[in-house]
Structure formats: structure tokens, C-alpha cells
Protein chains: 2
Amino acid sequence: MKKKGDGMSLIRSWVDSANRADTDFPLNNLPYGVFDDGQGARMGVAIGDFVLDLGRVDHGLDPVLLADPAWNDVMAAGPSVWAGLRARLTELLSDEGHRPAVGPHLLPLASVRMLMPFRVTEYTDFYAGKNHAVNVGTMFRGAENALPPNWLSIPIGYNGRASSVVVSGTDVVRPWGQVKAPDEAQPRFAPSARFDLELEMGAIIGQPSDGMVSVAEADQMIFGYVLLNDWSARDIQAWEYQPLGPFQAKATATTISPWIVTRAALEPFRVSTPERERPLLPYLREPGPMLYDIALEVGLAPEGKPETVIARTNYDQMYYSAAQQLAHHTTSGCAMRVGDLLGSGTISGPTKDSRGSLLELSWGGKEPLTLATGESRSFLEDGDRLILRGAAQGDGYRIGFGECAGVLRPARRLPDWAQE
Amino acid sequence: MKKKGDGMSLIRSWVDSANRADTDFPLNNLPYGVFDDGQGARMGVAIGDFVLDLGRVDHGLDPVLLADPAWNDVMAAGPSVWAGLRARLTELLSDEGHRPAVGPHLLPLASVRMLMPFRVTEYTDFYAGKNHAVNVGTMFRGAENALPPNWLSIPIGYNGRASSVVVSGTDVVRPWGQVKAPDEAQPRFAPSARFDLELEMGAIIGQPSDGMVSVAEADQMIFGYVLLNDWSARDIQAWEYQPLGPFQAKATATTISPWIVTRAALEPFRVSTPERERPLLPYLREPGPMLYDIALEVGLAPEGKPETVIARTNYDQMYYSAAQQLAHHTTSGCAMRVGDLLGSGTISGPTKDSRGSLLELSWGGKEPLTLATGESRSFLEDGDRLILRGAAQGDGYRIGFGECAGVLRPARRLPDWAQE
């Protein structure tokens, strides 16, 4: 197994704040986003405390790739364009000689609003964290039947709703839905009372496929990664999900972090998936390490109150990598397209404080969590702000994702036509 | 209940073939498609035995709506544009005075290739036919547990894969996938041996929504309908679908008919959904008839052999209408977009010869079907051509959909990297 950060150290930039050990955005990172400074949406690259207004510098790209403020066209242009842009940006931001031309186009991150970095073509969500699957399975089916029979053979996934994907900073409104407690005779239409987060990583597909691809090919199709919060209405899900899976329970919102951290930036942090507990079919076997060592945390801040970190875990806890999930996704002949987004599934570690959802942290509401403010939480309350953070740690630098945050707002008033 | 065809009779056209009682495309229909006659893809309207090259006549639309050869932009333009275009086309094709200007732009249907009529934004498939749900449930869980507890309260649906939707005439390749028979210890990677069709209708969303909508509002958002064959790998589904629903089993292909039959054309054929067996929550109650009386049939033709009609049923067999499904789809705040496609779910009637899938027709393979050729079928064989047809019958005319057809081709050779 490759050791994390092998052969990599900080690449120094003439942007001083990019050389700080605690910045998410050193020159090694160069994540891609879309920002608005009040002058309209544009494509940008984060460097230290700044965003570089890409269209204003000598980026070397065909300008048509920047016409739409979204990274889809650059992704579609393919790996040689990706490599060329990264090399050019590294040159522009490391070589002091470019400072006069580039410097004026650095805008303070604090002064801009981040928008969706790409148009989500289709969204698929997986269930590939074993600790999460075991925790949820134990709660719902008992410890003996915790893992479904197929779980160790298939990276279980379902199609999500692309229209629900929003960028960090977007408010999330508590959904209404059909719910029915086991002791109720009939369902009710009510605001979800068990609204939850799910800590995930999202993999962004940068190249299309039109047939079955290998795990190695799948890896090369991935352009980059984001943090992803798959907001989930547990009570709606419990009543709706049999027999065809989650639907409205997962359709309220899925929040992603605003910066696409490229696969290139994460290369030094590759790690293998855990040892197999059952041999995989050949099409799912990994030719090399396909996961990444990315430390993750979840913060919860009640309205007007300070934040408590409620979970710390790592992306290396996944049983299946995004490349394996993508390879599986193509087995039936399913075409993949530029801008497809794959959610990893909830990332929970083995310990109680490393669980990636309140469902697990409060054990289905039976063991409410106590926050630093003294308040307790089984599920989310109106006004709660959820913040996901993640970073791969190198020697003296880190590859960070920025925040993936959202505030839960109260349910809307029920329209007259929906009232009894 | 409205009687079918109330107050409607044939609207005569100067295109003679449009006045035949057996054409799918009288002037009352005016379905929208995209065709290619070898000179490139263009938007067209079917009339009798012809397609009208819309861009070449005085259509009254903003030409920018025809720039992309897909109906999405016309849909996005909204109901008044829809009504204006329909009125204009009715005028052009009924008034003999327009013949000199319009006639030269009628191309024989037999001379053009039909393409996808719209870009599918997202695809959702439902499970809203009660006979189908009872049949499948009986096979899998026994007669006592046939209907899931939520079925009479929720139009059960799951997100499908938009990239899998293809137009009639596209070959379908038998998929590979993980399968495991109950008596096998481990799964195998194999071509699906239980590949099937599902007879459905597809509703096309023509107007967006960004919050909960009523059934009445949902109905007005629907631009039109197509026939839909949701090809399904039953063996892949059986192993993969617990706990999160069908995934690769439904991702090989979904074939739609090439003509969007508008809601306007179907108005005279509205019928109510069947009587409720359990009261619905208010948000799902229908303010008027939302289903349509559309006779449907499925033909199966083995390679080089004549076709056998294996099922005849009607869209009025659905327990939930597309408007109810769409209203439910929005409950969680899920945004709907122009070009979203909703599959009705398999449409099976109460009798054995009205079942909309081979799974039901052969009762899980236990009672193979005998074709007119003498061959038998439990599931589909390589080379089989499947044809769905549908039409609403008026007085001396009918509103037809054209064929929704596809040939099943053999599975591809397994790549080396996927072999043991």
C-alpha cells in the first residue's frame, strides 16, 4: 500500500496565504468552482484565501470551454485538457513573474458567493460504508441480519434525484411527507420529524462511457470529488421504501461543497479499500488503491449557538471505492455521462463518535446526543446549521474541500388543498 | 364520469390519409416528434402517412424554439405557446388554402428515421398498476402479502436512469449482471437469463415546479404522453433490489415511442381512476378524471418470424394517474424540470391475456407462453422484436401513438478483465 503523501510536499505559491499549513487551498490543490462577486457567475480556482477569476488570465483553454459558468465543458474536453490546465495554473501561481498579470484577478474568497460548480446530469447514491450498513441494519433488522445478503458482493446503489442537488450555503426546508408509525392504522401527511444528515463524498464523472468499463477505466473517468450531505427524512423513508427503495425521503436536498477537488490533487493520498470479507467477482477487483485518506468531520450549530463537532471519520472507511461503484454502474450497459454524480454512501467509522448520521449517532433516537451547548439532538431541529469538512493531510500542507454547509428551515405552511 | 370521445369527431384534413379511420395520426392528434430524412434532425408533426417538417412552414413560433431538434424548448415556452401551435397546425392542415405552401413539406413517414423527441431530464418509474403489483407480489411474497402495506396510500415510485431512455427502433443488448439463484452459494456474473418487457405509458413534464403541487396543477404541467417499454432483467433485480430498490436491472434500456401525443389531443378520452379501496390523503385526491381510455397491446415477433399479440390491456387499469404520481413526487420539495419523464408502472389488466410483462404472462416462467409460431416463451430470446401499440378510439378516428419497438440483441462478449 502506498503511504499517504509519498514524495509530495508543499508547492510554494507567490500567493502567501496558499503556503499556510492550515489553508484548504495550497497550490497542490487547485480546486475548481463557480463564483459570483456581484458581476455575474464565473469559473474560478481557489488559491489560499482567494479565488482566481479564470477567464481573466492566460489559462490556455479554448475560451468556449468557459462560456457556460459550469465545469462540464472542461470535463468533457478530456484528460489532456485537465492536465494542461493544471500545469498552466501551477505555473501561473508559482512563478513570481506572472504576479503582475494574475494578481489583479485574485478576489478574496470572503467577498464572493459560491454557486454550483457543475450541472449535475444524473445523481446516484450508494450504500457502500460497511459500518453504516451494519449500524442501520442492526437497528432495523437485528444484529444477525444486519448486512443484506448481497452487500459484500455488490456496491448497492440507487438512483437519486439530480434536481435536488444544491451547493453549500443553500437553505434546506424541512419536507412534508407521508409517515406512519408502526402503531398507527393509517398514514398521516406531516412534516418529517426525523430529518437527518448523511456524511458522504461525491465523485464527479468527467468522461462518458457507453458500455461496461473496468475499475481501472472507471477511475480514469472520475474528474474529482466533493463533500456531500445526503439529507434524509427517516420517517418518510421507513413508510415508503418497500419494495422499490427510497424516493421522497431523499429528494428534498443533497448539498455539495462548492469546490471540485480533482483526482490529480488527491493522487498522493490513495489508499486501498479494506480487506475483502468475501471474494469479489473479477469485474469489481481493484488493480490498485482507489480510495483516499481524507479526514472528515461533521459540525452541528443550533440557531445562534456555537458549533459542536458531532462526528469525525475518514473516507478510507468505505468498503467500495467510487471506481468500483462506477464499474458496477455500467454492467447493464447503462451509459454514463459527463456531470454524473455518485454519492459514496454514508461514511461511518467503527466507533460511536465516528458515525456519519444522527440516525446512528442517536441510535434511532434512543440515545440522544448532547451538544456542547447542553442541548440534545436525536434528529435535526429547525435552525440547525450542518457543516461537513474534509481534508487530506500532506507534509506541511493539506488538500481541503472547503465547507459543505446548510441550515434547516421550518416546514412550509401546508396548502389548503392538502389539508383534511 | 365523462364518456370517451364526448363531443369530438374527426377533424378533416386536406391530407387524405389523415382522414382514414385506421390512421394513428388524424388532424385531431398532431403528435410531435424529431425526424431525420438524411438531411439532419428536425422537428416534425405527424399527419396521416406523413411528417410535416415544422421549420419549413409558417408555424408562428419563435424560431429559437426550433433551434435544437428536441421539443424541450417548446415545452418550456408554456401552455399558451402549446395552444397557439396546436391551433395554427390545425388551421394549416385543415384549410385547403394552405396546401400549396404546406404540401411540399410533408415527407412520407416511411422515408424518415425517428429520433428521440425530447431530451430526458430525469426519469422516474412508478409501480401504480394494481393488477401488476398483486401479480408480482403474489409470486414473490404469496397471495396474503401481495400488496405492500403502503401500496394503497402511496403511488410507489423510484428514480430510474435517464441515460437509458432510447427511441423506438433502437436495438437493446441483453445485459450482463450479478445473478444468484436461491440455491447458489455465491453470485455469478452472467448475461441476464430472465430479460423481460414492461408495458407502460410515459408522461412528459412540460412545465417546472419548485415546491409541492396539487393534482390539478400537476395535470397542467404534463405536456404529453408516449408508450414506454421498461426493459427489465428479473434475475439481476431479484439479487440486487434489497434494500434500496432496482438499479442495474432497469438500466439497460427504456424504449419510448417517437411521437409525443399531447394532453390536448387526449382530452376527450379522460376517465377516472378506479374506486379507492382505501381513502387517499387529501393531497392525492383527484379533482376530476385524470386517466385516459387508451387501448394497449404488446406484440412479440421472434427473429424472422411473424408477430403474436401476447397482451391487450388499457391505460384505464392504473390505480394512480400520472397527475397523482407527479403531485406525490413534489411532496418533499423535489424540483421538477421540463423534460422529466414519468413511467406509469406496468399496465396489467385483470385477465391472464391482459398482463403487461412476461414475468406475469408466464407466471415467473412456470407457465410458458405459446406463440402463434408454435414457439414458447418464458422470458425474451435473442432476436425477439417487441412492439407496443396504443390508441384512444373516437367516433371514426383514433389518437394513436405509433409503434414503440425494439429488438433484443445477444449479450456482448465479456471483456478479459471481467473473466475469472
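Q: Where in chain A is A:W363 placed?

A: In this predicted model, A:W363 sits in the loop that runs between α9 (358-361) and β23 (369-370) of chain A.

Q: What is the phi of A:W363, and how do I read such a value?

A: Start with the general idea: most residues other than glycine have a negative phi, and most peptide bonds are trans. Now the case here: A:W363 is not a glycine, yet its phi is positive, about 45°. You can find another such case in chain B, where the non-glycine residue B:L30 has a positive phi near 55°.

Q: Where is B:L30, and is it buried or exposed?

A: Look at the segment before β1 (32-36) of chain B; that is the place of B:L30. Its relative accessibility is 0%, so B:L30 counts as buried, the cut-off being under 20%.

Q: Let's move to rings. How do I read an aromatic pair?

A: A pair of aromatic rings is described by the distance of the centres and the angle of the planes. Over all chains, the count here comes to 28 aromatic pairs. Take A:W176 and A:F189 as an example: their centres are 5.7 Å apart and their planes make an angle of 20°, which makes the pair stacked.

Q: Which strands hold A:W176 and A:F189?

A: A:W176 belongs to strand β10 (residues 176-179) and A:F189 to strand β11, both of chain A, so the pair ties together parts that are 13 residues apart in sequence.

Q: Which residues do ring pairs link into a cluster?

A: The cluster is made of A:Y32, A:W71, A:W82 and A:F223. Let's zoom in on A:Y32. This residue is in strand β1 (residues 32-36) of chain A, and A:Y32 is buried, with a relative accessible area of 3%. For a sense of distance, the C-alpha atoms of A:Y32 and A:N229 are 19 Å apart, while 197 residues separate the two along the chain.

Q: Over which rings does the charged end of A:R276 sit?

A: One is the ring of A:Y319, with the charged end of A:R276 3.7 Å from its centre. Another is the ring of A:Y320, where the charged end of A:R276 is 5.7 Å from the centre.

Q: And pockets? How do I find the empty space?

A: Rolling a probe the size of a water molecule over the atoms shows where empty space is left. In this structure the largest pocket has a volume of about 1000 Å³. Its lining has 42 residues, and the closest to the centre are A:A335, A:R337, B:A162, B:S163 and B:S164.

Q: What gives the most to the lining of the largest pocket?

A: α1(B) does, with three residues. In chain B, α1 (72-77), β8 (165-167) and β9 (172-173) each supply at least two residues of that lining. Sorted by class, the lining of the largest pocket has 20 nonpolar, twelve polar and ten charged residues.

Q: What is the volume of the second largest pocket?

A: About 580 Å³. Of the 21 residues lining the second largest pocket, A:K180, A:A181, A:P182, A:D235 and A:A238 are the closest to its centre. The largest share of this lining, four residues, comes from α6(A). By class, the lining of the second largest pocket divides into twelve nonpolar, three polar and six charged residues.

Methods
Residues are numbered from 1 along each chain as its sequence is written. Chains are lettered from A and ligands numbered from 1 in the order in which they are written. This is a predicted model: local features need pLDDT of at least 70, side-chain atom pairs count only at pLDDT 80 or more; totals for chains, interfaces and linings use all residues. Side-chain values use heavy atoms; hydrogens and water are left out. On a 1 Å grid over the protein atoms alone, a cavity is a set of points where a 1.4 Å probe fits but cannot get out, and a pocket is an open set with protein on both sides within 12 Å along at least five of seven lines; lining residues have an atom within 4 Å of a point. Grid points are joined across faces, edges and corners, and a volume is the space filled by probe spheres set on the points. Ala, Val, Leu, Ile, Met, Phe, Trp, Tyr, Cys and Pro count as nonpolar, Asp, Glu, Lys and Arg as charged, and the others, Gly among them, as polar. Rings of Phe, Tyr and Trp (its six-membered ring) pair if their centres lie within 6.5 Å; planes under 30 degrees apart count as stacked, over 60 as edge-to-face and the rest as tilted. A charge sits over a ring if NZ of Lys or CZ of Arg is within 6 Å of the ring centre and within 35 degrees of the ring normal. Buried means under 20% relative accessible area, exposed over 50%, partly exposed in between (1.4 Å probe, protein chains only).
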